[in-house]
Amino acid sequence: MISDGSTKLVARLRSPPILARPYAPIQAVRVSTQRLSSSTHSPRTLRRRLRLTSGDPTSLHPFYPSTSLRSIRFISTTPFSQNRGPIFRFVYRFFAYAGGFILISGGLVVAFFLYDASTYREDLSYTDVPVSEHALEPRRGGPKNLPIAEVLVDDDDCEENSRLKHKPKLVILGSGWGSVSLLKTLNPGEYHVTVISPVNYFLFTPMLPSATVGTLELRSLVEPIRRIVQRARGHFLKAEAVDVELSEKLVEVTQTNARGGIDRFYVPYDKLVLGVGATTNPHGVKGLEHCHFLKDIEDARLIRNKVMQNLEQACIPTTSDKERRRLLSFVVSGGGPTGVEFAAELFDMLNEDLGRSFPKILRNEISVHVIQSRGHILNTYDEALSRYAEARFEHDQVEVLTNSRVKEVQEDKILFTQKDENGETVTKELPMGFCLWSTGVSQIDLCKRIADKIDIQTNKHALETDTHLRLTGAPLGSVYAIGDCSTVQNNVADNLVHFLRTLAWEKGKDPEQMKITFPEWRHVALRVKKRFPQAADHLRRLDKLFEQYDKDKSGTLDFGELHELLLQIDSKLTSLPATAQRAHQQGQYLGRKLNKLAQAAPGMVANEVDYGDLDDAVYKPFEYHYLGSLAYIGNSAVFDFGNGLSFSGGLLAVYVWRSIYFAQSVSFRTRVLLAMDWSKRAIFGRDMMNY
């Protein structure tokens with residue numbers, strides 16, 4: 001800029017890279033206008049020269065002198081301050097981040113649509129599929145002269161299937177926790193696997209109470225069983241097993257055909273796994289046809305529709321006050337984890353979502369009751385957790401009726417007995433519009449038929465197995481039972497003769513007349529631990545046990561003293577709980593053992609070994625590890641890890657509870673659906689409708 005003699009010219013210049021010297025870079029110069037004004041150039045020419053000079057940094061550098069700019073000298077190398085305030089920087093960064101987010105999101109959307117477009121198939125070409133004649137027209141046989149499905153229609157779909165059809169036939173009944181964990185553990189290609197189940201999905205049962213009130217959608221809890229079976233290169237038949245011919249190794253299967261009739265056929269097996277679960281225990285109570293149960297996905301759907309039906313009927317103008325209160329009385333019979341979690345989920349739905357869509361009078365007249373035969377709900381948990389759950393229910397106005405037993409269930413009320421303060425039993429009645437029956441498990445018809453064929457199967461609640469999960473009384477190593485349909489025998493005392501006979505045979509003595517010393521007792525205890533792993537905790541202090549039961553202080557234990565000792569251990573051993581945790585561990589154990597048997601099979605065939613206790617030779621007995629129990633009790637949760645270690649809390653515990661079940665979910669698909677359902681509940685609430 002040029003004015004009078006006192007005016008200064010300031011130009012911002014940048015030195016070229018070649019001038020990397022102490023004078024470079026040039027940031028600012030001051031030009032004296034006195035010499036410029038005394039020149040013979042006109043103002044117009046001078047302005048042109050200044051513009052040209054400002055465009056050429058070398059013309060102002062001391063190593064490139066100019067006759068017209070000899071008075072130029074350096075003032076400072078400090079850059080001028082940039083007048084950009086915090087608002088400008090915030091706006092700039094905001095739009096930069098927003099633009100990046102939009103670009104990334106747009107790229108992901110485009111990528112998704114490209115992937116989605118690739119999933120559509122327009123190729124209508126088909127190839128001939130070889131199918132065995134024996135699969136289309138199976139031969140007949142067995143006690144009932146039924147078709148025997150020795151070859152399945154997909155046995156020749158590919159070369160791998162054709163190779164596997166000559167492998168040992170492993171038939172798995174059921175698609176529950178035990179069966180699925182077995183399929184996931186089993187090495188593909190070792191067996192010809194066939195899964196038979198009346199349902200074609202795996203159900204994540206721990207979250208089933210959440211599906212009854214719309215917290216979770218039903219599809220979020222199920223995984224197609226065919227996807228899991230395909231990983232083991234197996235086959236699936238959607239049918240129901242109704243009987244087992246143990247001597248001929250045949251499973252009788254029924255299925256409803258397209259005309260509504262019943263088709264029956266046999267499926268042969270080399271090894272059979274029973275994982276059919278159990279049904280609800282009625283306990284001899286009358287009127288259970290008026291109750292709902294919670295065992296499968298259809299039960300959850302019926303419960304949800306019944307709850308919504310009662311709420312809608314309560315809104316009808318012609319419904320009396322008495323009838324409205326009855327319709328809104330929800331009763332849960334059973335204070336175990338399933339009953340408690342359903343009561344908690346039901347209360348959450350009524351408390352959080354009812355007022356948004358229904359008249360507020362319904363919220364004031366709703367009542368939830370839990371009937372428990374024991375002194376506390378969640379009686380298998382730590383007592384402190386049981387009391388915490390009861391206090392939580394009391395805060396939420398959920399009535400807990402302990403020391404009560406249901407006598408009869410009628411269409412509109414429940415009759416139950418309860419002990420009063422004096423210990424006397426009195427009969428009471430409770431109006432109800434809905435009742436959930438959740439009081440233990442019992443055998444299904446298939447298990448009862450199998451038990452009737454085996455004399456030593458005397459348990460009325462489950463099939464008995466040994467510690468290798470083999471069905472007691474069945475041909476050794478051919479039938480296994482896992483999950484709720486089975487119970488592991490802990491009859492240590494009954495096996496005393498076996499232990500003593502082995503020890504006496506080694507010494508050449510009579511078992512009943514033999515006395516054992518402390519070193520021999522340690523040897524017997526070691527064998528007991530190996531055969532009955534659950535008894536290991538009760539055989540820790542062998543010296544104290546020996547001293548306690550050596551009543552004559554002879555330094556030895558005779559047959560009677562040893563028998564009494566083992567009977568005491570028997571009384572301390574409890575049955576394994578009928579939980580998903582136990583079934584999951586049994587399925588994993590059995591899968592690993594079957595893998596070991598398949599690997600050892602070539603050597604056994606080469607050495608002609610086809611008898612004896614092969615299971616015990618290749619793998620250890622089953623040992624159950626208690627990993628803890630948890631339960632949801634209405635915007636809070638309790639955790640029992642055993643040995644006095646427990647935890648309870650509010651929403652933080654709920655998030656931990658969700659995280660544990662989220663991690664245990666069977667597939668990535670169900671995890672995504674669970675996360676979406678929990679987010680949908682938080683944003684939109686539960687869907688208050690029938691479906």
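Guide: Helix α22 (residues 651-664) and helix α23 (residues 668-684) pack with their axes 9 Å apart, at an angle of about 150 degrees. Axes here are lines fitted to C-alpha atoms, for helices over the stretch in contact, and angles run from 0 to 180 degrees between N-to-C directions. That angle makes α22 roughly antiparallel to α23, a label for angles over 145 degrees. Helices are DSSP runs (H or I, at least four residues), numbered from the N terminus. This is a predicted model, in which local features need pLDDT of at least 70 and side-chain atom pairs count only at pLDDT 80 or more, while totals for chains, interfaces and linings use all residues. Residues are numbered from 1 along each chain as its sequence is written, and side-chain values use heavy atoms, with hydrogens and water left out.

Now for the way they cross: α22 passes α23 in a right-handed crossing, meaning that the near helix is turned clockwise from the far one by less than a right angle. On the α22 side, R658, F662 and A663 make the contact, and they meet R671, L674, A675, W678 and R681 of α23; contact means heavy atoms within 4.5 Å. The residues of this contact divide into five nonpolar, three charged and no polar. In that count, Ala, Val, Leu, Ile, Met, Phe, Trp, Tyr, Cys and Pro are nonpolar, Asp, Glu, Lys and Arg are charged, and the others, Gly among them, are polar.

Elsewhere, β6 gives the most to the lining of the largest cavity, with three residues.

Methods. Helices (H or I, at least four residues) and strands (E, at least two) are DSSP runs, numbered from the N terminus. Angles under 35 degrees count as roughly parallel, over 145 as roughly antiparallel, 65 to 115 as roughly perpendicular and the rest as oblique.
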